[in-house]
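Q: Could you take a close look at one part of this model for me? I'd like to see how the pieces of a single chain sit against each other.
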Amino acid sequence: MISQLIFLYCALVIISTALLAVRFHNPVYSVLSVLVLFFHIAGLYLLLNAEFLAAIQIIVYAGGILILYLFVLFLVNLRQEIKSQRFVAHHRLSTVISIILGLSLLAIIPYFKLGAKGNYPVARIEQLTHTKAIGMEIYSTFILPFELAGLILLIAVIGGLVLARNDKTDPADDVSDSAAPTISEVQE
Amino acid sequence: MQILILLLQIAMLLAIVLLHVAYLTYFERKIIGHMQVRMGPMRVGWHGLLQPIADGIKSFFKEDIIPQQADKPLFLAAPIICLVTMLAALAVLPFAEGWVLADINIGLLFIFAMSSLASYGIILAGWASNSKYTFLGGMRSMAQVISYEIPMGLSLVGVMMLSGSLNLSEIVAAQGTSIFSIYLFPQIIGFFVFFIAMLAETNRVPFDLPEAETELVSGYITEYSGMRYALFFMAEYIGMMVIASIGTICFLGGWNGPFAIPFFPPFWFILKVYGFLFVFIWIRATLPRYRYDQLMALGWKLLIPLALLNIFLTGLLKVLVR
């Protein structure tokens with residue numbers, strides 16, 4: 001009963017903050033409502049006994065990625081609220097498309113079926129601790145997807161390095177130490 | 001009934017920690033004073049012992065100024081975010097065997113999460129005040145926190161590998177009671193990285209660029225006054241204590257000491273935390289401030305590779321020993 005109430009609360013907050021994130025005119029407020037959204041997703045993870053995921057959700061998404069978003073917002077300095085009401089050109093068309101998408105999502109709901117039970121009932125996770133359980137699964141059953149994800153991230157890192165590398169160094173520009181990193185290096 | 005006891009424990013912890021914060025400012029001024037051949041505060045009470053209380057009363061009754069052009073809701077929320085996240089981090093710290101409010105399995109990750117959230121308070125304070133100094137301070141803090149959270153987390157991975165747990169009590173228990181089994185010795189590289197990253201995470205000298213007085217007036221707290229200013233101060237000092245406790249737990253063997261103290265088991269823990277705090281203050285009295293690009297180069301080009309090397313060596317050691 002109480003866990004259902006918590007779920008209901010988290011779900012409601014997630015939906016409303018997601019809507020707010022889209023509707024706010026001030027981008028900093030949008031980012032902050034996404035922050036609240038991440039908190040409640042972490043709450044959902046906790047409800048599912050996935051404490052490791054909850055902590056990582058906060059550390060990586062709230063502590064890393066969202067702060068980078070804020071960084072970019074501050075660098076382009078959008079202090080004034082953006083006055084234009086529409087960001088996209090074909091507003092009518094996109095409304096129609098999103099309504100169709102929403103309806104088809106609703107139509108899918110009756111076909112939702114619970115999957116087969118896995119090897120990890122709640123009691124086992126509690127005894128093993130969630131961190132260990134997830135680590136063992138990732139490094140045994142799901143090693144291939146894990147390595148693939150690592151490879152994709154490596155490509156992203158190399159891409160960032162290539163983009164950030166400054167080939168034509170103008171000696172007049174070079175006022176700082178040779179050790180000084182560029183801003184894009186910092187952002188990585 | 002249990003909830004009542006828990007609430008009582010929380011209230012006690014808060015009272016003790018806030019009292020420590022008050023007197024930490026006193027000790028800081030006193031220690032720095034003596035290191036610079038001055039007396040430090042002397043006027044209020046015997047050797048200035050009542051100075052923190054006088055300061056507290058003063059900041060409580062000062063006018064609370066909100067700049068007209070500030071973003072009011074965020075301006076008001078920023079110090080609260082800072083303080084609340086830091087106080088929340090206290091909940092998982094084990095002060096002695098069983099002396100912990102929330103003995104959760106992801107204690108170490110919880111601390112990381114809270115310390116990264118505390119930077120939101122600083123960033124929002126910098127942005128919401130709508131002033132150049134605070135904005136620069138907030139930006140600096142943002143880049144610094146992102147950069148130094150990585151070596152900080154990586155430096156503790158070695159500890160996690162050795163103890164096989166993220167639970168802070170279990171990390172202490174895994175180090176045993178002997179002084180030679182604490183993780184300071186096998187994790188000496190990790191400790192080195194942790195120590196530098198710890199100074200940067202708490203915005204202390206020599207990495208206090210977010211509030212560099214000589215360049216930015218007071219950095220992100222320039223526009224704050226009265227109690228809100230004091231809230232930021234409290235958050236910073238509680239942050240120092242939390243991170244000193246993490247250092248004690250992960251590298252110095254937590255509450256274990258040469259011999260057990262009857263009636264007061266956290267004695268050695270507190271002594272080690274005081275040691276850390278003294279070093280914090282000592283460094284502030286000794287070192288000048290880093291330049292910003294030096295700070296970034298140190299974090300990215302020295303500390304992160306060192307922390308990765310430490311993880312590799314720890315893994316190798318574990319495989320070889322087993």
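This is a predicted model: local features need pLDDT of at least 70, side-chain atom pairs count only at pLDDT 80 or more; totals for chains, interfaces and linings use all residues.

A: Residues are numbered from 1 along each chain as its sequence is written, and chains are lettered from A and ligands numbered from 1 in the order in which they are written.

Chain B is assigned domain 1 (1-61) and domain 2 (74-321), with bounds from an automatic or database domain assignment. Their centres, taken over C-alpha atoms, are 21 Å apart. Across the boundary, 16 residues of domain 1 of chain B are in contact with 14 of domain 2 of chain B (C-beta atoms, placed from the backbone, within 7 Å). On the domain 1 side, α1(B) has the largest share, 13 residues. That side divides into 10 nonpolar, 5 polar and 1 charged (Ala, Val, Leu, Ile, Met, Phe, Trp, Tyr, Cys and Pro count as nonpolar, Asp, Glu, Lys and Arg as charged, the others, Gly among them, as polar).

Now zoom in on α1 (residues 2-35) of chain B, which packs on α10 (residues 267-286) of chain B at about 45°, axes 9 Å apart. (Helices are DSSP runs of H or I, at least four residues, numbered from the N terminus; axes are lines fitted to C-alpha atoms over the stretch in contact, and angles run from 0 to 180 degrees between N-to-C directions.) So α1(B) is oblique to α10(B), meaning neither under 35 degrees, over 145, nor 65 to 115. Among the residues that meet are Phe27(B) and Ile31(B) from α1(B), and Leu277(B) and Ile281(B) from α10(B). This contact divides into 8 nonpolar, no polar and 2 charged residues.

How values were computed: Helices (H or I, at least four residues) and strands (E, at least two) are DSSP runs, numbered from the N terminus. Two residues are in contact if their C-beta atoms, placed from the backbone, lie within 7 Å.
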